[in-house]
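Here is a short briefing to read beside the sequence and the model. It goes topic by topic.

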Amino acid sequence: MIWAMLAIFVVHVLLGLPLFLSLLATAVTGFLFIDLSMLERLGPQQFFGGINAFSLMAIPLFILAGNLMNISGLTERLMRLARLMVGHLRGGMGHVNVVSSVFFAGVNGSAVADTSALGSLLVPAMRKEGYSTSFAAGLTAGSSLIGPIIPPSIFMILYASLTNTSVGSLFLAGVVPGLVLAVAFMAMNAWYARRHGLQARGQAPARSEVIAAVIGALPALVAPVIIVSGIVLGIVTPTESGALIVAYVLLCGLCQGPLKLVEVWGAIKDTARLTSAIFVIMAVSSIVSWLLSYAQVPNQFVALLTPYIDSPILILLLLSAITFVTGMFMEEVSALMLLTPIFVPVAMAAGIDPVHLGGIITLNITIALITPPMGACVFVAAAVSKLEITSLFRTIWPFVLVAVAVLLMLIIFPPLTLWLPTLSG
């Protein structure tokens, strides 16, 4: 049954069918082996149940907040602040790229949106500073991985809904890894700048300029504080936090002038399109997940890894390897939905903290966004930089290796993930 389902899924993906149709065909194949009449009864139930969680309502709200942030001009203010902070250093525009991603991550939580919004502005600027187009596009795609790690994170909300883990703890667990990832990419950028003789441009900004930029970007900088503190302190749920941040960004945009109602309607439509794509994949994936549970796949997986259960680090390395390979060939949301129910029993048996596991899985799934042949961020970065996709596929691997090195650090040193959640109690 499992091998037949896998074969059907691979064939449909290779034929170029939309992912939700490939997953649906996989589900139908599974019911053929059990009882096709169950499809009529259990199919709609699992389809609806996969998206029938109050916490999942936070996803479209955070996406909408990010869209409103882009059209309201807050993104440009964050980029200006990043430019004043690090733009005068050697390889300044590359550092601006990474720091802007850190700022942008605090509202949106989407790597693809980060790549699209920042890449169209920063790739040309990096080229003017002497960067190759391939490195500029690769750094844009690589630094966008910070988006789903630093809260709010769409992937962490999905993981929390699947495992009943605290969203607040997961959000806190993403802060340090996200900053470590940023430092790693800035170190890589500094190495590139020194190797290729890029020189610092301009002088360090005056203190008054930095203060003015901080004041201008303050509404955007406050947003992630509102999100995380509200959830961690128990004042609001993740969904309520999403609604609050949408109202906050909308109010900031309307009060500061550039945001128009017609643009708000456009942001709502864009959010609806992206949310519907995510939710239909989640819904169909839940049917496949039920079939995997029915076939005792999680139990078989636990039994398979039982000899290594005394070594949490080895277990996490094995789970990460499986996730890495799966993410190369499967859309990230569906990979998260399918793998998490299988991985959690193994991790629990090995004594791995579910929050630590959530951080590891989230970064794993996020890395898949820049790995060929399915990496969505690579396609977006290639489009905004006007590069051939095959060319960027060849040059993206150093950025993948940097992200994998950070992943290994998180596996070997769990306090990097667990320090803030533990500190908050």
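**Confidence and ground rules**

The chain has a mean pLDDT of 86, and 99% of its residues reach 70 or more; pLDDT is the predictor's confidence in each residue, from 0 to 100. This is a predicted model, so local features need pLDDT of at least 70 and side-chain atom pairs count only at pLDDT 80 or more, while totals for chains, interfaces and linings use all residues. Residues are numbered from 1 along each chain as its sequence is written, and side-chain values use heavy atoms, with hydrogens and water left out.

- Confidence is lowest in helix H1 (residues 2-14), at a mean of 80, and highest in helix H20 (residues 397-412), at 95.
- Helices here are DSSP runs (H or I, at least four residues), numbered from the N terminus.

**Helix H1**

- H1 has 13 residues and spans 18 Å from its first C-alpha to its last, close to the 18 Å expected at 1.5 Å a residue. The expected span is 1.5 Å times one less than the number of residues.
- Gly16 follows H1 and has a positive phi, near 85°.

- H9 (residues 154-163) is mostly covered, with eight of its 10 residues buried. Buried means under 20% relative accessible area, exposed over 50%, and partly exposed in between (1.4 Å probe, protein chains only).
- The buried residues are Ile154, Phe155, Met156, Ile157, Leu158, Tyr159, Ala160 and Thr163.
- They pack against helices H4 (58-71), H10 (167-195), H13 (261-294), H16 (332-349) and H17. Contact means heavy atoms within 4.5 Å.
- At the start of H9, a side-chain oxygen of Ser153 comes to within 3.4 Å of the backbone nitrogen of Phe155. A polar contact is a pair of N or O atoms within 3.5 Å; within protein, one must be able to donate a hydrogen and the other to accept it, and residues adjacent in sequence count only if both atoms are side-chain atoms.

**Two buried threonines**

- Thr366 sits in helix H17 (residues 354-367). Its relative accessibility is 0%, so Thr366 counts as buried.
- A polar side-chain atom of Thr366 lies 2.6 Å from the backbone oxygen of Thr362.
- Not counting residues up to four places away in sequence, Thr366 touches Leu145, Pro148, Ile149 and Phe155.
- Thr115 is in helix H7 (residues 111-128). Thr115 is also buried, with a relative accessible area of 0%.
- Leaving aside neighbours within four places in sequence, the contacts of Thr115 include Thr140, Ala141, Ser144 and Cys377.

**Nonpolar core**

- The largest nonpolar core has 140 residues, and Ile59, Leu357 and Ile370 touch the most other members. H10 gives the most to this core, with 13 residues.
- Such a core is a set of buried Ala, Val, Leu, Ile, Met, Phe, Trp, Tyr and Cys residues joined through side-chain atoms within 4.5 Å.
- Beyond four places in sequence, Ile370 touches residues including Ala141, Leu145, Cys377 and Phe399.

**Aromatic pairs**

- The whole structure holds nine aromatic pairs. Rings of Phe, Tyr and Trp (its six-membered ring) pair if their centres lie within 6.5 Å; planes under 30 degrees apart count as stacked, over 60 as edge-to-face and the rest as tilted.
- The rings of Tyr131 and Tyr192 are stacked, because their centres are 5.4 Å apart and their planes at 5°.
- Tyr131 lies in the loop between H7 and helix H8 (133-143) and Tyr192 in H10, so this pair ties together parts 61 residues apart in sequence. Both tyrosines, Tyr131 and Tyr192, are buried.
- Phe135 and Tyr192 are stacked too, because their ring centres are 3.9 Å apart and their planes at 15°. Phe135 is in H8, so this pair links parts 57 residues apart in sequence.
- Tyr131, Phe135, Phe185, Tyr192 and Phe399 form one aromatic cluster.

**Backbone exceptions**

- Most residues other than glycine have a negative phi, and most peptide bonds are trans.
- The peptide bond from Pro151 to Pro152 is cis, with omega near 0°. Pro152 is in the loop between H8 and H9.
- Asn164 is not a glycine, yet has a positive phi of about 60°. Asn164 is in the loop between H9 and H10, and counts as exposed at 73% relative accessibility.
- Lys386 also has a positive phi of about 60° without being a glycine. Lys386 lies in the loop between helices H18 (376-385) and H19 (389-395), and is exposed at 74% relative accessibility.
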